[in-house]
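Welcome! Here is a short briefing to read alongside the model.

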Amino acid sequence: MFIERIPSRTILRRVSRAARTACFASVALLAGCASLAPQTAAKRVVEAKFAAVNRHSIDDIEKLYAPFASITAPNFCAPRHGREGVRRIYQDLFTTFPEIHAEIQEYLVQGDRVAVRYLVHTGPAGKGFVVPIFNLFTVRDGLITTDDGLFDNGGRKCDP
């Protein structure tokens, strides 16, 4: 049986190199997780909001907004605020368009900001209309604090 003798300095160098590599890898992994966690959490909140919209669950939508949230859209004369504003928006939408649903095109996430490009479909296929919309959300502490919507409202007068 042959046992290779490795000088102790070589062993220390190899262990030291391995230890440094493991340390750097751990730090990189932790740093990566730390930077991705808020983005993932913010996106999950916005995904949950759209899932609730497609279920027409006003209660679930409302719970995802901060009590002081600000919601803007081209068809609002002034920003809507808080959960009462959210409830009003979605009650009006679901009453006016009982078959409304959102089709997500893409998400872009940067920290606590989530941009969403999507299509809103109203009515049954071929009988309703489709509106392309872009929303920019800010999510803090698991709740939507700002929701700024952009779309062509066809020049219609704003809703007070």
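What volume does the largest pocket have? The largest pocket has a volume of about 880 Å³. This is a predicted model, in which local features need pLDDT of at least 70 and side-chain atom pairs count only at pLDDT 80 or more, while totals for chains, interfaces and linings use all residues. Residues are numbered from 1 along each chain as its sequence is written, and side-chain values use heavy atoms, with hydrogens and water left out.

**The pocket**
- A pocket is an open set of points on a 1 Å grid over the protein atoms alone, where a 1.4 Å probe fits, with protein on both sides within 12 Å along at least five of seven lines; lining residues have an atom within 4 Å of a point.
- Its volume is the space filled by probe spheres set on the points, which are joined across faces, edges and corners.
- The lining of the largest pocket counts 34 residues, and Asn75, Leu93, Phe97, Ile133 and Phe151 lie nearest its centre.
- Among the elements giving two or more residues to this lining are α1 (8-55), β1 (65-72) and β6 (143-150).
- α3 gives the most, with 5 residues.

**The strands**
- Helices (H or I, at least four residues) and strands (E, at least two) are DSSP runs, numbered from the N terminus.
- Two strands pair if DSSP finds at least two bridges between them.
- β3 and β4 run antiparallel, joined by 9 bridges, and Val109 stands opposite Val114 in β4.
- The hairpin of β3 and β4 has 2 residues between the strands, and Gly111 takes a positive phi near 60° there.
- β4 and β5 also run antiparallel, with 9 bridges; Leu119 has Pro132 in β5 as its bridge partner.
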